Amino acid sequence: MDPATDSVLIFDSFELDLARGVARVDGVDLDLRPKSFAVLGYLASNAGRLASKQDLHEAVWGNVAVSDDSLVQCVRELRLKLRDDDHRIIKTVSRRGYRLDARPLPPPHDHGSQNVSRRTSAPRGIAARLAALPRWLLIAGLSVIAFASFASVPPLANGMWHPLAELAHWLVPQDHGIVPKQDVERITALAAEKQLPLPAYRVRAPASDVPDNVRRFLGVWVSAEGWINSHRQFMMIVTNVDRDCVATGYLVNGPAMPHSRVPGPGFSGGFTGYVLDDVLRYDGNTGLHSASITADGRIEFKLVFREGGTGVVFLEPLWTLAHPGPIARSQT
């Protein structure tokens, strides 16, 4: 299989380039987080059919505990990037899940070229392969996308097509973007120490025209002592910021501690927020989240719960463009 020509799924409103792990609209690559791309990939493989919330959670997050906010934020990001303000492409099926209403299109056909003919039939072949996979195998393959756990799956010795290896080759993130290797190791070690379930993240370099008050949120931020009162550990990873003041990334919570408002094990979830008046905000299922940078370079993060009450945690810059070194305060 030639990934340069055989792995593009074309729909009436977007394209999925599986070899490069990107989606395109009008020939422009969309800047999607890995889990959002995984959600779109699962919806595309089930185009026209209901994808239940449970199936999407299993496919993208596996057996890792995450809140419903994670899926909601992925869908919100997809709708934003696909210009789907009226929910024409991704339909919400009330209390059940989502359905992709995008029509697959065949590529242009050139009868005079065998190579072009081969390319035009390939997307249908890829879709057929995905559709023919057993449900457990498709879920396992899409879990690969989210967690990079099958990045080293070898091909079969006899050279036959290996679906997990091929999915891994197409879609698994290969690096952490602009975060240096030594900082990735430091972040990983600290996350393990704090029992924070670190997601597969990739921090992208901001464009030159991104405002400074938005740019300074980019990076990895972690609590020294956890949430006030409960001391539940917390990390915020902002992976991308753009000129429209949109910020995307992950919120990572450690295991529940005494007095934690949300019980259970550690979990992570994606978010898409907006920076307005120097405050990063996003509205999630549990309440309104806001982050503002303090005079001493920390972040004051607040969660105003829908049922009442406010949680507060202070975050140190573990790695940012402005503060690439280790945080100064104790982590114990």
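**Helices and a buried strand residue in a predicted model**

Trainee: What makes the span of helix α8 (residues 181-193) agree with its number of residues?

Mentor: Helix α8 has 13 residues, which at 1.5 Å a residue should span 18 Å, and because its end C-alpha atoms are 18 Å apart, the two values agree. The expected span is 1.5 Å times one less than the number of residues, and helices (H or I, at least four residues) and strands (E, at least two) are DSSP runs numbered from the N terminus. This is a predicted model, in which local features need pLDDT of at least 70 and side-chain atom pairs count only at pLDDT 80 or more, whereas totals for chains, interfaces and linings use all residues. Residues are numbered from 1 along each chain as its sequence is written, and side-chain values use heavy atoms, with hydrogens and water left out.

Trainee: Which residues of α8 are buried, and why are they placed on the same side of α8?

Mentor: D183, V184, I187, L190 and A191 are the buried residues of α8, where buried means under 20% relative accessible area, exposed over 50% and partly exposed in between (1.4 Å probe, protein chains only). They cover an arc of only 135° around the axis, counted from the directions from the helix axis to the C-beta atoms, and therefore lie on the same side of α8. On the other side of α8, K181, Q182, A192 and E193 are exposed. Among the elements covering the buried residues are β8 (219-223), β9 (234-241) and β15 (310-320), and α8 is followed by Q195, whose phi is positive, near 60°.

Trainee: Why does V312 count as buried?

Mentor: V312, found in strand β15, has a relative accessibility of 17%, so it counts as buried. Leaving aside neighbours within four places in sequence, V312 is in contact (heavy atoms within 4.5 Å) with W227, I228, E300, F301 and K302.

Trainee: Why is helix α2 (residues 34-45) called roughly perpendicular to helix α4 (residues 68-81)?

Mentor: α2 and α4 pack at an angle of about 80°, with their axes 9 Å apart, the axes being lines fitted to C-alpha atoms over the stretch in contact, with angles from 0 to 180 degrees between N-to-C directions. That angle makes α2 roughly perpendicular to α4, since 65 to 115 degrees counts as roughly perpendicular, under 35 as roughly parallel, over 145 as roughly antiparallel and the rest as oblique. K35, S36, V39 and L40 of α2 make the contact with L71, C74, E77 and L78 of α4. These residues divide into 5 nonpolar, 1 polar and 2 charged (Ala, Val, Leu, Ile, Met, Phe, Trp, Tyr, Cys and Pro count as nonpolar, Asp, Glu, Lys and Arg as charged, and the others, Gly among them, as polar).

Trainee: Why are α3 and α4 described as roughly perpendicular to each other?

Mentor: Helix α3 (residues 53-61) and α4 pack at an angle of about 90°, with their axes 11 Å apart, and α3 and α4 are therefore roughly perpendicular to each other. In this contact, K53, L56, H57 and W61 of α3 meet D68, S70, L71 and C74 of α4, giving 4 nonpolar, 2 polar and 2 charged residues.

Trainee: What makes α4 mostly covered?

Mentor: Of the 14 residues of α4, 10 are buried, including D69, Q73, V75, R79 and K81. α4 reaches 20 Å from its first C-alpha to its last, close to the 20 Å expected at 1.5 Å a residue, and is followed by R83, whose phi is positive, near 60°.
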